[in-house]
Amino acid sequence: MFEHENDTIAAVCTGTGGAVSIIRVSGPRALDVVRGVWRGKRMPGPDCPRVMLYGHIVSGAEDGAGEPSLAVFMPAPHSFTGEDVAEIHCHGGSFAARRALRLALQAGARLAQNGEFTRRAFLNGKLDLTQAEGVLDLINAGSERAGLLAERQLNGAVGSLVREIRAEAVHLLSECESRLDFSEEDLDWMPPDVLSGRIDSLREQAAGLASTARAGALIRDGVSLVIAGPPNAGKSSLLNRMLGYDRAIVTPVPGTTRDTLEESVSIGGIPFRVTDTAGLRDAEQADPVEAMGMERSQQSLGAADIVLWLLDASEPAESFPAQFEAMDKAEKAVRGKFIPCWNKMDGAAVSPGELDRAYSPGNADPNQGTGKPPVFEHISARTGDGIEHLFRRLETTAWDGLPPAAQSGAAAVSERHAALLEQAANHLAAASECVLAGSWELAGSSLRTAAELIGCITGETATPDVLDEIFSRFCIGK
Ligand SMILES: Nc1nc2c(ncn2[C@@H]2O[C@H](COP(=O)(O)OP(=O)(O)OP(=O)(O)O)[C@@H](O)[C@H]2O)c(=O)[nH]1
Ligand SMILES: [Mg+2]
């Protein structure tokens, strides 16, 4: 199916800064290469597979014993790549590892390309493409939940669902084709309405799996949350409260925060990138630096998935109309979700209900249709009151109506998978119609295309450039 590179590759497959560095060599000459750069009382070989041996990396100097290290041999096919793999584990620090790698390259190995070990594992049938992508997701996982999702994918959760769908598509394809091949004979065929019904439910299955992509994106990539509002509303205090430590400078002086500040925090397993912004007020009141900060705040508003707008509840009621006006004005720049939130509830003179009612429906943007007043949150960044409630609101806003099943993220496909599944679903819809119309040839060709598209997900029908695209995102040594 694919051209097999059959040379021997090597790379340092551990990151910089660790205590141990591993040089991995894979290919038919892996053992020779490692034997050429490493010496021990016992040498790695077929007689002692998968045993860690103690020895030294060979030294250039006559008297030197060389770097103490461990070596191991994992013969094909029971290795990560499915080829002969030999590794040297030496002390961390880039010098030792690079020297060992240089020796391995001199001994005949070629420097591995990005993701080449994993690519070989795929080509040798050790992993399907979804599992290989799971490896990448695991490396990039920014939260425990994203890690779990990647782990499930690595263990084949997505792959097995996709293979089920493909197997059914191939089965239904053979039904259509047998009518073409044996049109004269009286074979035991599925009635057309039954066949089209099965194609329909397969289409639903494919579309359903595609729809898990949004949950996947949310768990993997998270959401951006921007805290905005007038100066001194307590935006930086809230960021600090969310993080649990004093990240941003907080002072009673309006205009303290000059530049946007981004930090990550996990809420309900969803990674939130939280941005604290410079308070927004009339440009005339601001000095040039603050004005530049406000410009950045404006940009953040437009780019955020969720904007949390803080209002100051400790201010006298006379300030509210101006606060609401500033809020409504800012909301126009927001493309994501908007959550208004009263802060400083510990210093509020009136009840939450009265605060909310101060925003009369008359204030609501008439273009918003219903003119329904927004649902406010009520917090105190100082005491922490209301923060849990706000967190739950942020969580549900991030999930935004996704069904609970999707939220579990048991198996969530990537954008790449979803695009292929959606295309396949369209071809399945066409196939179903053709079956009802008795156009067996067209039905067969749509089913064949659907099966090919689905096969591209696991790699059964993927082209080399698809593989290039996927594996180029890996680092060298993986
Ligand atoms: N009573 C009370 N004071 C608060 C609360 N949150 C913040 N403050 C105080 O309000 C003042 C301003 O807080 P900041 O967090 O710096 O406000 P900010 O919105 O970041 O202000 P700028 O960066 O100037 O836009 C500080 O004196 C805080 O201690 C709160 O919940 N209750
Ligand atoms: Mg601030």
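An open sheet of 6 strands with mixed pairing has the strand order E9-E10-E8-E11-E12-E13, where helices (H or I, at least four residues) and strands (E, at least two) are DSSP runs numbered from the N terminus, and two strands are taken to pair if DSSP finds at least two bridges between them. Strand E9 (261–267) and strand E13 (377–378) stand at the edges with a single partner strand each, so one side of each is left without a neighbour in the sheet. E9 is joined to strand E10 (residues 270–276) by 7 bridges, and the two run antiparallel. Within E10, Phe272 is the bridge partner of Val265. H9 packs on this sheet and touches strand E8 (223–228), E9, E10, strand E11 (306–312) and strand E12 (337–343); contact between two residues requires that their C-beta atoms, placed from the backbone, lie within 7 Å. The direction of H9 makes about 155 degrees with that of E10, axes being lines fitted to C-alpha atoms, for helices over the stretch in contact, with angles running from 0 to 180 degrees between N-to-C directions.

The structure is a predicted model, in which local features need pLDDT of at least 70 and side-chain atom pairs count only at pLDDT 80 or more, whereas totals for chains, interfaces and linings use all residues. Residues are numbered from 1 along each chain as its sequence is written, while chains are lettered from A and ligands numbered from 1 in the order in which they are written.

Helix H9 (residues 235–243) also gives the most to the shell around ligand 1, with 3 residues. Of the 24 residues around this ligand, Gly234, Ser236, Ser237, Thr257 and Gly279 come nearest; a residue counts as near a molecule or strand if its C-beta atom, placed from the backbone, lies within 6 Å of it. The shell around ligand 1 comprises 7 nonpolar, 13 polar and 4 charged residues, with Ala, Val, Leu, Ile, Met, Phe, Trp, Tyr, Cys and Pro counted as nonpolar, Asp, Glu, Lys and Arg as charged, and the others, Gly among them, as polar.

Strand E5 (residues 68–74) and strand E6 (residues 85–91) pair in the antiparallel sense over 6 bridges, and His89 in E6 is the bridge partner of Leu70. The loop between E5 and E6 holds Pro77, and the peptide bond from Ala76 to Pro77 is cis, with omega near 0 degrees. In the loop between E3 and E4 lies Arg50, a residue other than glycine with a positive phi, near 55 degrees.

Helix pairs were examined next. Two packed helices are described by the angle between their axes and the distance between the axes. Helix H4 (residues 129–140) and helix H5 (residues 144–154) pack at about 155 degrees, with their axes 7 Å apart. H4 is therefore roughly antiparallel to H5, given that angles under 35 degrees count as roughly parallel, over 145 as roughly antiparallel, 65 to 115 as roughly perpendicular and the rest as oblique. The crossing of H4 and H5 is left-handed; a crossing is so termed if the near helix is turned anticlockwise from the far one by less than a right angle, and right-handed if clockwise. The residues of this contact divide into 4 nonpolar, 5 polar and 3 charged.

Helix H7 (residues 192–210) and helix H15 (residues 415–436) pack at an angle of about 165 degrees, their axes 8 Å apart, which makes H7 roughly antiparallel to H15. The crossing of H7 and H15 is left-handed. Residues of H7 including Leu195, Ile199 and Leu202 belong to a contact with H15 residues, among them Leu421, Leu428 and Val435. The contact of H7 with H15 has 17 nonpolar, 2 polar and 3 charged residues.

The axes of helix H6 (residues 157–181) and helix H16 (residues 440–458) come within 9 Å and cross at roughly 160 degrees. H6 and H16 are therefore roughly antiparallel to each other, and their crossing is left-handed. By class, the contact of H6 with H16 comprises 15 nonpolar, 4 polar and 6 charged residues.
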